[in-house]
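Have the viewer open as you read.

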Amino acid sequence: MMIEARGLVRTFKTKRGPVQAVQGVDLNVADGEIVGFLGPNGAGKTTTMRMLATLIKPTSGTATVAGCDLAKDPVGVRRRIGYVPQSGSTLPEAIAGDEVVDHARLYGVDKKRAIADGRRLFEELDLPGLWRRQCKTLSGGQRRRLDIVMGLIHDPKLIFLDEPTTGLDPQARANLWEHIRGLRERGATIFLTTHYLDEADALCDRILVIDHGRIVAAGKPEELKQQVSGDGVRLSLGDAENAPAVTKIVEELPGAVAVETDGDVVGFRIPKGGSVLPSLLRTIDAQGIELNGVEVHRPTLDDVFLTMTGRSLRDDSETPAEAQKEAAA
Amino acid sequence: MTVQTLTPTHRPGSVLRETWIVFNRAMRLSLRNPMWSILMLSQPLMYLFLFGPLLKPITAQISQGATTNAYQVFIPGLIVQLGMFGAMFVGFGLIAEYRAGVIEADRVTPASRIALMAGRVLRDVVVLVVQSILLLVVSIPMGLRAPWDGVLLSLVIVALLGATFASLSYSVALITKSEDALAPLLNGIAMPLLLLSGILLPMQIGPTWLQRLSDISPLKHVVNGVRALFRGDIGSSASLWGLFWVVLLTVIGLAVGARTFRKESA
């Protein structure tokens, strides 16, 4: 097991009294997994990650990270992990290659090897010819990949990525996802935080959904989606008069929930929507009701989040207290 | 699971090595952008050229007969001022590094927290000593005469003073993490320190109440010590007190700095 955490709690002192940013998190990450920590801003993602990366001490709880005990051997943890912070890790005025080499040397890597490894990583992460450039002259995506080079330079077994694609344009994001997938092929385990649903969905083997400092759901993206909401189905009738009859048919379907009528459209959710559809359509047809269209959509992680927390991730509305928590972190 | 080597409390050798790495990085950055160091030197130079000559006719009076060389009185004040102010504002640079995520990136490495501070402080000390030497060299044609051993010892004092103020500045920078908090704080401290330390004129020429008030400032004793050294009174009580105070300040400054860098939330 690459990460094993039990009962992690972190309390911050604020002017308005103590705030519990993380309220008892248990988690396991196996070797070679890409695990995503999904939650809105202020949910406790970054705080949890910073605890696991030895940057802040847990108020209580224990963890073993990359084989070392977090409390007893933080230096051992540091040797074995790479951490790519949200804020970046290089000075704008500094030369990219210099920052990488100095960073490597703080891990005890000798200069020659640091240069060789650094240059190779620049190639691998698609930063050719940028070794002697000032960091501030790089684009957002390049700067982010440079941060990843910094995090990888000592060849860590476990890599923490905090909001890796925040602030990048869609193309740069897709490109970075490719690189993150590539890291796994090097044999690394990846633990990342994100508040983007598509990112968690596209990148992660397993997702931990966190809200208000607690993990509210965990599993493979597909499992989470299936277990929580079922598929969404929308039937367009063309004639609103038929809506009550269709609603009645739908309500009799086993497993159908959240049946709603909006004009000539009847919508509902049902597990495995694709497989119940044929018989449903036959039933409707048998009653002589005509359909204009049928739509089935797979549940999204947003549906999961909505079901688990009663809130949509997309609102992304922070309360001031939560913003303060994150700032204190 | 593989057997882990038992942990790495830091060997002294590795702390020195890490300090050297951090120092090198900081020095390289300072050399790439020397504007700041040049600006910091321009202030004492202006004092030297535009204020120093005013002291010439009253040297005997303000030094109470100890010397007739105006620059023996004035240059010690200027290099102490350089040591203090040059180092006092280095915290701004650290806040810039913090914002860029560099401090965080440093802190996830296994490097000793002390080395992360010491390397930066060492860079500041080197910059200050070079600035002081430049200032001294420029003062010679202006009329400065002073014994070399006293001057050398004075440079050591400037270095220690620089280390003190640099660590304190880094400490406050890491705690506040905000230029907006750091600027008024530093200015609030700098002004009374400057006025009460007899940097521009010796406090001995002031009224008794002001002299007593200035006794509170350890820097006054440091300036007096450096003035004694510039006169060649190396074994005098003034120079010994000056050395005593600067060593004490250095111990306190470095201890505070080290403590802040070790603290988890720093």
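What share of the contacts in chain B with a separation of 6 or more comes from residues 24 or more positions apart? It's 79%, where a contact means that two C-beta atoms, placed from the backbone, lie within 7 Å.

Keep in mind that this is a predicted model: local features need pLDDT of at least 70, side-chain atom pairs count only at pLDDT 80 or more, and totals for chains, interfaces and linings use all residues. Residues are numbered from 1 along each chain as its sequence is written, while chains are lettered from A and ligands numbered from 1 in the order in which they are written.

Chain B has twelve helices and zero strands, taken as DSSP runs (H or I, at least four residues, for helices; E, at least two, for strands) numbered from the N terminus. The radius of gyration of chain B over C-alpha atoms is 20 Å, close to the 18 Å of the globule rule for 266 residues, so the chain is as compact as a globular protein of that length; the rule is 2.2 Å times the number of residues to the power 0.38. Its C-alpha trace spans about 80 × 35 × 35 Å along the principal axes.

Now for the helix pair. H7(B) and H12(B) pack at an angle of about 130°, with axes 8 Å apart. Here is who touches whom:

| Helix | Residues in the contact |
|---|---|
| H7(B) | Arg113(B), Ile114(B), Leu116(B), Met117(B) |
| H12(B) | Gly257(B), Ala258(B), Phe261(B), Arg262(B) |

Notes:
Axes are lines fitted to C-alpha atoms, for helices over the stretch in contact, and angles run from 0 to 180 degrees between N-to-C directions.
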